[in-house]
Structures are given as C-alpha cells and as structure tokens.
Amino acid sequence: MSNDRRDFLKKSALLGLVGLGKNLLGEEKLSHLETVSNKIAGTDNAFTLPKLPYAYNALEPFIDAKTMEIHYTKHHQAYVNKLNETPSTNIDYLSSDDVKCSHIDKTTSAVMRNNLGGHFNHSLFWTLLKPNPESKANLPEGKIAKAIEAEFKSFDDLKKEFSEKALKIFGSGWCWLIKTNEGKLKIITTPNQDNPLMNLENEKGKPVLALDVWEHAYYLKYQNKRVDYITGWWNIVNWNKVEELYSQ
Ligand code: MN
C-alpha cells in the first residue's frame with residue numbers, strides 16, 4: 001500500500017471518529033476529539049495556549065505589562081510548543097490536564113514532566129490572578145476564608161507561612177496551597193515545574209492557590225527582590241477562583 005493511500009485511510013478513520021463524537025457526545029466532545037485526532041494525524045497541536053483572561057497591563061502595578069507579555073507569549077508558549085513536539089505513549093491525550101499530571105512520576109521523561117508541568121501550572125496561575133489597580137484590600141471570603149481560619153488560625157498566619165515558604169525556595173519553583181485527600185489545607189513547595197498532582201516525592205493534593213517564583217515571573221520589575229514580588233502578589237490573588245477550586 002502506498003504512503004498516500006495509508007495516509008488517506010488514517011485520515012478517513014479519524015474523520016469517522018470526529019463524526020461519531022459529534023453525534024453521540026455533543027459539540028464540546030467534538031472539539032476535543034478533533035484536537036486529539038489532529039495530534040495523532042500530526043496536522044495540528046493537541047496543546048494550546050489558553051486565552052489570558054485580562055490584558056497584559058491589567059495586573060499593574062503589581063505585575064508589569066512587559067513581564068506578563070513575555071511570561072505568557074514566550075515562556076508559557078514554549079512549554080506548549082515543546083509538548084506538541086514531544087509525542088508520548090504514556091499520556092492519554094483525551095484526559096484532562098490534571099489527570100495527565102497525575103500520571104507523571106519519576107520514570108517519566110524530563111521533557112514531558114517539565115513541559116506538561118509548565119503548561120498546567122501556568123494555565124492555572126493565570127486564572128488565580130485578577131486586576132486590582134486601586135490596591136483595594138484583597139481578602140478571602142466564604143468557605144475558603146473559614147477553611148483558612150480553621151487550618152491556620154487567621155488569614156495573616158496563612159500569608160506569613162506561605163510567603164516564608166515561597167521566599168525560601170532555592171532556585172526555580174512554585175509555592176502552593178493544596179487541599180489534601182483528607183480535605184485539609186496545606187502549604188507546600190515544588191521545584192522547577194513539578195506540581196502537587198504529580199506522583200513525586202512532594203506531598204500530593206489538589207492545588208487551590210499557586211505562586212510562580214521563577215525569576216522570569218518578576219525579575220524585570222523586582223530584580224532580586226522576590227519578597228517584594230510576593231508582597232505585591234497578595235493584592236491580585238483571585239479569591240473567587242481559589243474558593244471555586246476549594247469547593248469542587
Ligand atoms: Mn513562569
């Protein structure tokens with residue numbers, strides 16, 4: 001059989017799969033199947049940069065527009081590109097990104113671990129930020145506020161512990177507030193682009209708050225003053241999103 005003929009059959013089979021997706025599973029499933037079939041056929045990308053929910057300058061004065069633009073269009077995009085260049089038989093492309101992360105362990109290739117982590121972590125990080133140009137008080141409310149008080153005594157105690165742990169990360173990494181399997185809140189850190197969903201040595205849990213402390217996240221504005229970046233960041237935490245993640 002010629003290569004052309006083989007390609008034709010492969011693409012026809014995939015189109016059949018997409019058609020089936022539309023009829024049985026509805027529009028949302030269709031687009032996901034299309035993405036997967038494109039990945040398999042090598043015609044498009046399975047991983048895409050999510051739309052940023054605000055403008056590059058929206059988080060000023062705490063995160064400057066230039067840092068946001070480079071962070072999103074260069075750093076995050078690079079993780080997405082690398083993922084799409086790295087076919088993996090260990091990744092179930094139909095599963096959600098958090099399920100994909102839970103399949104990462106010590107045996108996973110560094111390129112997959114770093115870039116899947118990079119993509120997942122940044123996708124989450126963007127949603128956990130919100131504009132606060134007038135520097136209004138930014139406090140958690142509702143269920144998450146109660147859970148924080150139950151676990152850390154007060155929001156100020158959480159802030160203190162989280163900030164100290166984020167400050168102490170040596171080199172590049174992330175600081176997280178996670179919900180453990182027992183439903184407790186806990187602050188942990190991970191190196192590089194690892195995250196609390198991965199099957200690694202760090203404590204596991206569902207991330208409800210994330211802080212990127214790689215230098216690329218703050219160096220243009222804050223240079224070596226990571227503490228000032230962390231202090232500023234508390235003003236733009238999207239507590240509604242934290243609450244949503246915690247309640248799910
Ligand atoms: Mn980053």
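The model is predicted: local features need pLDDT of at least 70, side-chain atom pairs count only at pLDDT 80 or more, and totals for chains, interfaces and linings use all residues. Residues are numbered from 1 along each chain as its sequence is written, and side-chain values use heavy atoms, with hydrogens and water left out.

**Overall fold**

The protein chain contains 10 helices and three strands; helices (H or I, at least four residues) and strands (E, at least two) are DSSP runs numbered from the N terminus. Their order from the N terminus is α-α-α-α-α-α-α-β-β-β-α-α-α. Of the 248 residues, 45% count as buried, where buried means under 20% relative accessible area, exposed over 50%, and partly exposed in between (1.4 Å probe, protein chains only). Among contacts (heavy atoms within 4.5 Å) with a separation of 6 or more, 67% join residues 24 or more positions apart.

**Helix α6**

Helix α6 spans residues 142-152, and its buried residues are Ile144, Ala145, Ala147, Ile148 and Phe152. They lie on the same side of α6 because they cover an arc of only 165 degrees around the axis, the arc being that of the directions from the helix axis to the C-beta atoms. An α-helix has 3.6 residues a turn, so residues three or four places apart point the same way. The face turned away from the buried side carries the exposed residues Lys143, Lys146 and Ala150. The elements against which the buried residues of α6 pack are tabulated here.

| Element | Residues |
|---|---|
| α7 | 155-168 |
| β1 | 173-179 |
| β2 | 185-191 |
| α10 | 239-247 |

After α6 comes lysine 153, which has a positive phi near 80 degrees.

**Histidine 122**

A polar atom of its side chain lies 2.7 Å from the backbone oxygen of glycine 118. Leaving aside residues up to four places away in sequence, histidine 122 touches His71, His76, Tyr79, Trp174, Gln193, Asp212 and His216.

**The second largest pocket**

The second largest pocket holds about 190 Å³ of space. Its lining includes Lys130, Asn132, Trp239 and Glu243. By class, three lining residues are nonpolar, three polar and four charged.

Terms used. On a 1 Å grid over the protein atoms alone, a cavity is a set of points where a 1.4 Å probe fits but cannot get out, and a pocket is an open set with protein on both sides within 12 Å along at least five of seven lines; lining residues have an atom within 4 Å of a point. Grid points are joined across faces, edges and corners, and a volume is the space filled by probe spheres set on the points. Ala, Val, Leu, Ile, Met, Phe, Trp, Tyr, Cys and Pro count as nonpolar, Asp, Glu, Lys and Arg as charged, and the others, Gly among them, as polar. A polar contact is a pair of N or O atoms within 3.5 Å; within protein, one must be able to donate a hydrogen and the other to accept it, and residues adjacent in sequence count only if both atoms are side-chain atoms.
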